[in-house]
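Morning, everyone. Please look at the sheet first, then at the backbone. Here is the model.

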Amino acid sequence: SVAGTDATYSWSFPGALPSTSTEKNPTVQYESIGTYDVTLTVTENSISDVVTKTSYITNSVAGNIPLTETFESGGFPENWNDAHSNGGSGFWTVTDDAGGFGQSEYCMRFDNYYYDEQGALDEIWTNKLTTLNNEEIQITFDVAYSRYASNYSDTLAVLISYDCGDSWQTLYVKGGTILSTAPDQTDYFVPSASQWRNDTISIIGEAGELIVAFQNRGYYGNPIYVDNINIESEGIIISKEELTSGISWNVYPNPATDVLQLSIDHLQPGLLQIDLYNAIAQLVMSEQLNIGGGRLEKRMDISQFSSGIYTLKCSNGNSEFVRKIEIR
């Protein structure tokens, strides 16, 4: 609202708790599934103005993992939402300019070429997804980007929220040459089939309802393309006791061919056991490392293994990490 400091506010939220408020920016909660109207009355100098937004709030049932979105419907799913973290005015759209690795017709795109967002943050949110405590969740997607130039460079971030978007945890931030899948170009970038990359994020889930957001941080560069979003559960992490150490595990790429990269943050000092099992549970690789704690980056040569599904198991202290790996 555009109003002076003496203005008063009267909100009506049918179906919410509380159902009314006189705060300027109230917070309310909807406990029942449904779609709701919202009404605001602003009064200043004895003059009132009333606005009602019809079907403005929708409280929906959380979906289940896995989630797969290819955008081949030509639009976003009905229960995905636009958001603007710092007042941005741009939007993710679905386009037929290109599809991931040239294998499909549509993808989602943020057009930083024609729209100068000046650093604004604009997101597309997935629907809510039910997750379990200590559930290993993998987020994969195809991405394509080319910088316009070094001084016109854009960024893609991926975030998650467990409180309906009130607060966020940033999982992934790549911009400029790190995000790029093609050389700089001053023409409007449309990726060819070879100008895509598949990125993977792994997280330890909490018991609740998860939203994943793809965020554009635009600086008048070139379009960012994202396709084939997959959010999958790898099962519950096996642990000797509740994970309280804050250890963060990641292994990539997956599928892999010659090399597997293991990345671990916040490790406790001591022994790290790394085991790889084949599809019939035979131990095919085993290594034990004595580490000083902190961060570990380890490359594993898997070129000698035949194609198939394997299980990687890593254990350190009170926590264990188990992940299915496809070797091609």
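Predicted model: local features only at pLDDT ≥ 70, side-chain atom pairs only at ≥ 80, totals over all residues.

As a reminder, strands of a sheet pair through backbone hydrogen bonds, either parallel or antiparallel.

Next, take the pair β18 and β19. β19 covers residues 259-267. How many bridges link β18 and β19? Five, in the antiparallel sense. For a landmark, find V251. Its bridge partner in β19 is L262.

Stay with these two strands. The loop between β18 and β19 holds P255. The peptide bond from N254 to P255 is cis, and its omega is near 10°.

Where else is there a cis peptide bond? Go to L17 and P18. The bond joining them is cis, with omega about -5°. P18 sits in the loop between β1, residues 8-12, and β2, residues 20-21.

Now phi. Two residues to check here. C164 is not a glycine, yet its phi is positive, about 60°. Look for C164 in the loop between β13, residues 155-161, and β14, residues 169-175. N228 is not a glycine either, and its phi is positive at about 50°. Loop or strand for N228? Strand: N228 lies in β17, which spans residues 224-236.

Conventions: Residues numbered from 1 in each chain as written. Heavy atoms only, no water. Pairing = 2+ DSSP bridges. Helix = DSSP H or I, 4+ residues; strand = E, 2+ residues; numbered from the N terminus.
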